[in-house]
Amino acid sequence: MKIHMKAALVTLILLISTLTKAQDVTNPMLYRKDFKDISGKNTVSITSYEKNGKHFVYAGGVGNVDVFQIDADGILTPVSNHELYKQKGPARGMVADHINGTDFLFIANKYGNVIETFKIEDNGSLKQVALVEDTSETHLGVAITLQVVHMKNASYLFIGGLEETPGLSSFKIHDDGELTHVQSMKDTDELHTDGIIGMFIHEVKGKTYLYTSGFQDNGVSSFRINEDGTFKNVNNIDDNTTDRYLTGAYPVTGATIGDNHYVVVGHRHHKYYEQNGFIKNTDFYYHGDGVSVFKVNRKGALVPHFVLKDDETTKLQGQTRIEVVSVTEDSAIFAVGTRDDASIQLLRLDAEGQLSPLNYLETGFPIYYGLRALEIDGKNLLVAGSMSFELNKVASYEIAPKIEREGKMLRHIVNLKYTEDATEKQVDEAVQTFLNLKNTIPEIVDIEWGENDSTEGHSDGFTHTFVITFNDEHGREKYLFHKTHLNLVKKVGPIIGGVLVTDFWTDKE
């Protein structure tokens with residue numbers, strides 16, 4: 001009897017585990033876990049790397065790269081920061097990899113017109129070991145995107161950018177991190193290599209193929225990579241005004257599901273840019289925003305397959321980064337960072353190559369390439385940064401089953417104590433500044449406040465309590481990273497002696 005009960009209990013546990021996993025796949029949502037300041041002027045690129053069982057995050061901006069260690073709970077711990085060549089940048093296309101016993105971080109220094117190689121130390125910090133400057137042959141000017149390609153006998157770094165004479169370049173990576181030029185291919189009317197902002201590789205029947213976006217060219221291209229690091233064009237797909245969404249082709253990623261190889265391409269349409277000469281071809285047509293799926297045929301060529309169009313239920317305007325969150329035998333989950341919608345949209349790609357929208361989180365800041373997915377101890381995490389020069393932060397998120405909030409509203413409780421030398425006038429001004437947030441942040445439903453009147457002796461010196469109400473988690477995110485709120489923190493920070501923040505959900509009134 002006990003044996004049968006034990007077997008039944010094991011079966012029940014396995015069933016619950018299976019249902020939980022199914023829930024993870026069918027209805028994931030993003031939940032912010034942490035955020036930290038950075039030393040760079042903004043964050044335009046983020047990557048991560050695991051070394052000796054520890055996970056490190058690299059946030060690149062103008063002038064600097066910040067290093068954090070991240071744990072399974074998404075908590076970011078600052079490690080170090082490093083200056084870029086000539087304090088230029090921003091750091092773009094960052095990619096970390098293991099090359100014959102050594103861990104390296106490769107950085108495209110956009111306006112330094114160089115590729116910088118850093119050795120990753122045991123604690124995650126960086127040591128510069130190599131520098132390659134642009135020449136008339138290498139197309140490294142305004143470098144933006146990097147992709148490491150491992151072949152049988154060597155590894156190669158592929159580089160693309162936005163220069164006036166654009167193209168695609170390949171460099172051999174040596175054991176000490178030095179790079180030597182292998183091949184460069186100039187952009188042509190047929191190729192889509194003017195403004196390569198996204199790259200992805202697939203292995204098809206033992207052969208390696210590279211896929212690139214052409215931001216200025218409004219299209220995508222595929223290339224066969226040879227064992228010696230040379231490459232040749234396979235095919236090219238142009239934008240059109242009917243069923244393709246490639247104007248301003250931007251992020252490129254992909255997944256292999258079963259026997260099918262897919263390439264997923266996003267775009268930030270040229271309509272979102274001021275027409276001041278940056279966009280070379282101003283004769284463009286706007287018929288909406290969409291994420292495109294291409295199927296890879298047996299020759300490595302791209303074949304248009306499916307488009308998920310943006311609508312009132314999705315956040316796909318201004319796609320700047322698409323990260324692979326997870327891949328199973330029958331589907332893949334992607335996270336799409338958007339600059340114009342200032343959100344992270346989750347999507348599912350099924351085995352038939354059909355994309356469908358899941359949930360999204362409005363981050364409260366625009367994402368400009370700076371988004372990275374990683375997995376720690378079975379947890380799927382994202383780290384995002386803002387291209388805003390005013391924010392100077394990175395944030396981490398966990399992707400977990402969505403918690404049902406229907407009919408609920410969010411209470412955000414802020415308890416404050418002031419320093420002993422704070423004057424009554426300063427405190428009154430701080431209170432009024434806090435209350436004025438409601439006038440500039442529309443997501444705030446209401447603010448209530450009051451001074452502590454407790455006589456129990458357990459207030460720990462806290463004297464002022466503010467209760468802020470939001471309709472949902474999107475409102476809280478927008479409030480947290482809103483310019484007015486950040487200015488408030490800077491303004492009253494010097495007289496704050498302590499802060500205690502708690503949030504809870506309650507039924508809507």
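**Pockets and overall build**

User: Which elements each supply at least two residues of the lining of the second largest pocket?
Analyst: This is a predicted model. In it, β1 (28-37), β29 (408-418), α4 (473-480), α5 (483-492) and β32 (496-507) each put at least two residues into that lining.

User: Which one gives the most?
Analyst: α5 does, with 6 residues.

User: What's the volume of the second largest pocket, and which lining residues are closest to its centre?
Analyst: The volume is about 590 Å³. The lining has 24 residues, and the closest to the centre are Phe35, Tyr479, Leu480, His485 and Val489.

User: How does that lining divide by residue type?
Analyst: Into 14 nonpolar, 4 polar and 6 charged residues.

User: OK, now the largest pocket. What's its volume, and which residues are closest to the centre?
Analyst: The largest pocket comes to about 890 Å³. Of its 38 lining residues, Phe200, Thr253, Arg321, Glu323 and Arg372 are closest to the centre.

User: Which elements give two or more residues there?
Analyst: β2 (45-51), β6 (91-99), β10 (143-150), β14 (199-204), β18 (249-257), β22 (319-327) and β26 (367-376). By type, the lining of the largest pocket has 20 nonpolar, 13 polar and 5 charged residues.

User: Switching topic: how many helices and strands in the chain?
Analyst: The chain has 5 helices and 32 strands. Its radius of gyration is 25 Å, close to the 23 Å from the globule rule for 509 residues, so the chain is as compact as a globular protein of that length.

User: And what share of the residues is buried?
Analyst: 54% of the 509 residues count as buried.

Technical notes
Residues are numbered from 1 along each chain as its sequence is written. This is a predicted model: local features need pLDDT of at least 70, side-chain atom pairs count only at pLDDT 80 or more; totals for chains, interfaces and linings use all residues. Side-chain values use heavy atoms; hydrogens and water are left out. On a 1 Å grid over the protein atoms alone, a cavity is a set of points where a 1.4 Å probe fits but cannot get out, and a pocket is an open set with protein on both sides within 12 Å along at least five of seven lines; lining residues have an atom within 4 Å of a point. Grid points are joined across faces, edges and corners, and a volume is the space filled by probe spheres set on the points. Helices (H or I, at least four residues) and strands (E, at least two) are DSSP runs, numbered from the N terminus. Ala, Val, Leu, Ile, Met, Phe, Trp, Tyr, Cys and Pro count as nonpolar, Asp, Glu, Lys and Arg as charged, and the others, Gly among them, as polar. The radius of gyration is taken over C-alpha atoms; the globule rule is 2.2 Å times the number of residues to the power 0.38. Buried means under 20% relative accessible area, exposed over 50%, partly exposed in between (1.4 Å probe, protein chains only).
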